[in-house]
Structures are given as C-alpha cells and as structure tokens.
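Welcome! Here is a short tour for anyone meeting this chain for the first time. Take a look at the sequence and the model, then read on.

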Amino acid sequence: MVTTNDYSINLFNGDIGLCWPDGQGRLVLFFETTKKDGTSFLRRLPVSRLPEHETAWAMTIHKSQGSQFKHVVMFLPDEPNKILTRELIYTGFTRASETVLVCARPAILRQAIHSPTRRHSGLADMLKN
C-alpha cells in the first residue's frame, strides 16, 4: 500500500498494488487504474519505481479511508469496544462497491450501529467560556 504521493507515476497514498513475477520471473508491480470512461486496467510498473509503502495483507478501516474495493470483509471484535461506532461501520461499508461481509456477533454489530461517536476533547466547554 502506497503511503506517499508520487505525482510523476500517478500513485497516491492508499493505492494498493500487487507484486507479481512477470513472464521472465522478474518481480513487477501491478496497480488497477481507472480510465476517465470508467473502465479499468492493470498498470505495470518496475519495483524500483515504488514510492514509500507498507505491506498490507489486511488493513484497518481507518487505513482504508479514501480507498474503494469491490469486496470488503469487516472483522469486529467479540467484546464491546468504545471505537466500535456507527461512523466506523459506515466507513467500512462505504469502502465496498459491490459486497460487504461482516464477521461479528450480531449483538456487537447492533451495539456499534447504535453508538454514535462521542467527542471528549473538551473543546465545546472551552468555546462556551
């Protein structure tokens, strides 16, 4: 997963690519690219052109923001957690263009959907004064 924008090769923070051997056994990068007409193709780049990046076998919902995938799998913890909010679930769902598979206990998912984010910065109280 690209972590730094590189305008010279049109790769941006959050872009996901695959590193795969070509016909001669050399590793090459493949990034799905969408044309202006909405069609997509695999763009091929040499590994030496890869900007700053992280290996991503899976990613958090937070890291996925700004990205779009055909299929998303969301794993939620078995126990309640204060970061499980409706905004987090919404963000996870909206990363998918076709399907979402949620792996969670129904009660945990229900609780998350009914829990809006609560801010605790104290900013509202400071602004009142």
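Buried residues account for 23% of the 129 residues in the chain. Please keep in mind that this is a predicted model.

Let us begin with the overall form. The chain has a radius of gyration of 19 Å, whereas a compact globule of 129 residues would have one near 14 Å. Along the principal axes, its C-alpha atoms fill a box of roughly 60 × 40 × 30 Å. The accessible surface is about 9900 Å², and carbon and sulfur atoms hold 56% of that. As for charge, there are 16 positive and 12 negative side chains, with the centres of the two sets 4 Å apart.

Next comes the fold. Four helices and five strands make up the secondary structure, and along the sequence they follow the pattern β-β-β-α-β-α-β-α-α. Among contacts with a separation of 6 or more, 54% join residues 24 or more positions apart.

Which residues make up the largest nonpolar core? The nine are Ile 61, Val 72, Met 74, Leu 76, Leu 84, Ile 89, Ala 96, Ile 108 and Ala 112. Strand β4 (69–75) and helix α3 (106–113) each supply at least two residues of this core. There is also a second, separate core of six residues, including Ile 9, Leu 11, Leu 29 and Phe 31.

| Residue | Residues in contact |
|---|---|
| Leu 76 | Leu 84, Ile 89, Val 102, Cys 103, Ala 104, Ile 108 and Leu 109 |
| Phe 93 | Met 74, Val 100 and Val 102 |

You can find Phe 93 in helix α2 (residues 86–93). Is Phe 93 buried, partly exposed or exposed? Phe 93 counts as partly exposed because its relative accessibility is 38%. Phe 93 and Val 73 are 20 residues apart in sequence, and their C-alpha atoms are 9.1 Å apart in space.

Our last stop is Asn 10, in the segment before β1 (17–21). Most residues other than glycine have a negative phi. Asn 10, however, has a positive phi, near 55°. With a relative accessibility of 48%, Asn 10 is therefore counted as partly exposed.

How values were computed
Residues are numbered from 1 along each chain as its sequence is written. This is a predicted model: local features need pLDDT of at least 70, side-chain atom pairs count only at pLDDT 80 or more; totals for chains, interfaces and linings use all residues. Side-chain values use heavy atoms; hydrogens and water are left out. A nonpolar core is a set of buried Ala, Val, Leu, Ile, Met, Phe, Trp, Tyr and Cys residues joined through side-chain atoms within 4.5 Å. Buried means under 20% relative accessible area, exposed over 50%, partly exposed in between (1.4 Å probe, protein chains only). Contact means heavy atoms within 4.5 Å. The radius of gyration is taken over C-alpha atoms; the globule rule is 2.2 Å times the number of residues to the power 0.38. Accessible areas come from the Shrake-Rupley method with a 1.4 Å probe; for residues, only the protein chains shown count as cover. Lys and Arg count as positive and Asp and Glu as negative; His and the chain ends are not counted. The place of a charge is taken as NZ of Lys, CZ of Arg, CG of Asp or CD of Glu. Lists of a residue's contacts leave out its neighbours within four places in sequence.
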